[in-house]
Amino acid sequence: MRVPLALPDIGPEEIEAVVSVLKGHTLSMGPQVQEFENRVAAFIGTKHAVAVNSGTSGLHLLVRALGIGDDDEVITPSWSFVASSNVLLYERAVPVFVDIDPETYCLDLDQVRAAIGPKTKAILSVDAFGHPAPLQELRELAGEFGLRIIEDSCEALGAEYDGIKAGSGRFADGAVFAFYPNKQITTGEGGMIVTDREEIASLCWSLRNQGRSEDELWLTHERLGYNYRLDELSAALGCVQMGRLEEFLGLREGVAQAYATRLSRINGLGIPKVSPRVRMSWFVYVIRLNPEIDRDAVIRYLIDRGIGCRPYFTPIHLQPYYRERFGYRGGELPQTEAAGRSTIAIPFHNRLSAEEIEYVAGNLEAAMAGCGD
Ligand SMILES: *Cc1c(COP(=O)(O)O)cnc(C)c1O
């Protein structure tokens, strides 16, 4: 049996939507992008949404739009996909990595508070694996110290904290969702900035489109911009997928429950924990092995049996580029590094069957029996 790590859920409606864009000849800057933006803004409850061609582009534009630049310090987790700190380096800002709460894998509030200094300009928090960061508390902390908040919600479309959607303007100055094929919904490549702040939205709108001015003078470029536009085919796909989001979240919740029931019978293996204040939007299913178990041997065992899995994440500060540029050697962030040594993302998508779950779990059990000290 082969069980992929992730699988997009594309049905006949998606195919029809993309084909009809092709037949209509408007392949960029048309009604689909606008409709997709409207749908995401309505779902999250923000005043504005700006579609872009990746989650990374969206985060980059928010960093620029918030005026974060040379030598500004931004507090952020190392426990993330590399893009969330790369966007700071694009603007010559300095990522100040802080450790995570090992239960939720999100920013540890005490560590955040301790890291705030005179050069701190913002907090870039990450809703890891679809579990929101402590958004309410981060908002309060940011208020106390006059900091901006960027929420990397690329893994958490549909998640909630205290009944409020991750990405809401109640928490962050701006947030970003991403639509790569392994995310909750996909547009192939794509992302979405959401914000309640008019001036941020209009700056992002201009920056994604070569710095053009808002008065539609097509050849006037007011600022240094980019081509970060989303095309109409991708947006059409996104519109259909948004209509199915609640269905998807329900299916994913079901798979997560089935895994939890089955995997909690395995000794030496920890399943994901969800804070009672949170509605999880399951992105990946990440298990944690006791430290005495040879995690990499377990991964090899599973891959040899056709089971897609990988260590997830490798902490950003330990990536070769960051080690070389900033001199990290390991030992700086104990919780993050311990997680980096002991976690595995196992197959997870809407349609994972009971039989596949049993196949993954059975093989995990066998692998762990053979991979202890
Ligand atoms: C997916 C993801 C992104 C953005 O990825 P893109 O491939 O650029 O869309 C950013 N941050 C996190 C934490 C992610 O998981």
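1. In this predicted model, three strands make up an open, antiparallel sheet in the order S10-S12-S13, where strands are DSSP runs of E of at least two residues and helices are runs of H or I of at least four, numbered from the N terminus, and two strands pair if DSSP finds at least two bridges between them. Strand S10 (269-270) and strand S13 (343-346) are the edges, each having a single partner strand, so one side of each has no neighbour in the sheet.

2. Strand S12 (residues 285-289) pairs with S13 over four bridges in the antiparallel sense, and Tyr285 has Ile346 in S13 as its bridge partner. Helix H9 (residues 245-263) packs on the sheet and touches S10, S12 and S13, a contact being heavy atoms within 4.5 Å. The direction of H9 makes about 20° with that of S12, and helix H10 (residues 295-304), which touches S12 and S13, makes about 20° with S13; axes are lines fitted to C-alpha atoms, for helices over the stretch in contact, with angles from 0 to 180 degrees between N-to-C directions.

3. Most residues other than glycine have a negative phi, and most peptide bonds are trans.

4. Residues are numbered from 1 along each chain as its sequence is written. Local features need pLDDT of at least 70 and side-chain atom pairs count only at pLDDT 80 or more, while totals for chains, interfaces and linings use all residues, and side-chain values use heavy atoms, leaving out hydrogens and water.
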